[in-house]
Amino acid sequence: MASQLMHAGFSAGLTLLLGASVLGVELRSEGVNTIVAVEGPMTWLWLGLAVVVVFFHQLFRPRIEAIRHQTWMGSRFSLPPLLKNHAQRRLIIALVIGALLLFPFLAERSAIDLATLTLIYVMLGLGLNVVVGLAGLLDLGYVGFYAVGAYTYALLNSYLGFSFWEALPIAGGMTALFGYLLGFPVLRLRGDYLAIVTLGFGEIIRILLNNWTDLTGGPNGISRIPKPTLFNLEFSRRADEGYIPFHEFFGIPYDPSYKVMYLYILALLLSLVTVYVIYRLMRMPIGRAWEALREDDIACRSLGLNPTGIKLSAFTIGASFAGFAGSFFAARQGFISPESFTFIESAIVLAIVVLGGMGSQLGVILAAIAMTLLPEIAREFNEYRMLLFGLIMVMMMVWRPQGLLPLKRPQMELKRG
């Protein structure tokens, strides 16, 4: 009991120290001077409440853990079996896709734009899930492939006049090539060493884009990237030479929301293709090989599988989906710069994979939705929203470390008697 009391007191004191430095004190500039201002009493009241909660949680943590393992919040918790057979599964999938297709016609423009951003993270999360969740290769430089895809479309359009549809497969192929080339130096690495090398790869790509000003524009980036067209129909008020405005072709009034709706539907179609392709790969021998490599590298080699080919295929296929997402991101934004592809993007995508459940497609999709919507919901808290975001992630790792929906394979058990 004495050790628990000391541990609880230390945790509460650490919470008070960190909370006071983050929430209780503010640096303000007055002219050339910087003064330290103390926040109001309400901030200290909430901070004191947090200290009390941390103290009693650490004090009674063994009892709380015992109760947690006996309730639905424990590791035995799982969602109800909604998809019992193929007919039910297909019906629910069809209803979900139909609702997603109807969403842009019923929602506001800001909600559609946020949903489009969510779908981009869904594509990124599913692509990284191949590398991290299925193959078990920790990749911290996934944003590098994302940047390669975006700059491939931007450069092809700027220098050669390629349209979005012409550059999209090239962007996927280019990022697949980069993933294949990255796979060779890391074939004998695993764990932390692999993470460090991939982290360096992401930073090398960003610095290269930032310094190669003659080709990429450097910090100024590339602007005026055209949006995708629909059979040579542009969604702007006036179309470029060789194109026709969408509203003039159909004889309807111009509405800027048409472009937002089209981008959403296009992102949805790309996400559905990503889900289907990875779903099929998971059930092919290559998918089984990825999981075998993740579980045990030595056992995988003893079964006659080639770890070199398995790792290269995971890096190549996972990178290609980042290329598709990057190309669409460049088309959606109309402007890209190296600052759009910092390490924080890799961290967010990796958090999506871990929170969703390693190898679980549905879990990654739900985590991508949560990771995109929660910061927007907490926007009213201004500087505290990232603190709340981190707190939610810590609580998730404590209460459900296996993720929202961990991947479960069909199993057979033999019972005695």
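Here is a short chat about how this predicted chain is put together.

Student: Before we start, what kind of model is this?
Tutor: Residues are numbered from 1 along each chain as its sequence is written, and side-chain values use heavy atoms, leaving out hydrogens and water. Local features need pLDDT of at least 70 and side-chain atom pairs count only at pLDDT 80 or more, while totals for chains, interfaces and linings use all residues, and the model is predicted.

Student: How many helices and strands are there in the chain?
Tutor: Both come from DSSP runs numbered from the N terminus, helices being H or I with at least four residues and strands being E with at least two. By that count the chain has 17 helices and 4 strands.

Student: What percentage of the 417 residues count as buried?
Tutor: Buried means under 20% relative accessible area, exposed over 50%, and partly exposed in between, using a 1.4 Å probe and protein chains only. For the 417 residues of the chain, the buried share is 39%.

Student: Leaving aside neighbours within four places in sequence, what is F341 in contact with?
Tutor: Contact means heavy atoms within 4.5 Å. With those neighbours set aside, F341 touches V143, Y146, A147, A150, Y151, R206, F329 and I336.

Student: Why are α6 and α14 called oblique to each other?
Tutor: Axes are lines fitted to C-alpha atoms, for helices over the stretch in contact, with angles from 0 to 180 degrees between N-to-C directions. Under 35 degrees is roughly parallel, over 145 roughly antiparallel, 65 to 115 roughly perpendicular, and the rest oblique. The axes of α6 (residues 142-160) and α14 (residues 307-333) come within 7 Å and cross at roughly 50°. So the pair counts as oblique.

Student: How many nonpolar, polar and charged residues are in the contact of α6 with α14?
Tutor: Ala, Val, Leu, Ile, Met, Phe, Trp, Tyr, Cys and Pro count as nonpolar, Asp, Glu, Lys and Arg as charged, and the others, Gly among them, as polar. Among the residues making this contact are Y142 and F145 of α6 and G318 and A319 of α14. The tally is 12 nonpolar, 5 polar and no charged residues.

Student: At what angle do α7 and α14 cross?
Tutor: Among the residues that meet are F164 and L168 in α7 and L312 and F315 in α14. That contact divides into 13 nonpolar, 8 polar and no charged residues. The axes of helix α7 (residues 164-183) and α14 come within 7 Å, and the crossing angle is roughly 145°.

Student: Is S337 buried or exposed?
Tutor: S337 sits in the loop between α14 and α15 (343-356). Beyond its neighbours within four places in sequence, S337 is in contact with Y151, P219 and G221. Its relative accessibility is 8%, so S337 counts as buried.

Student: What is the phi of R224?
Tutor: R224 is in the loop between α9 (213-216) and β3 (233-234) and is exposed, with a relative accessible area of 77%. Most residues other than glycine have a negative phi. R224 is not a glycine, yet its phi is positive, at about 55°.
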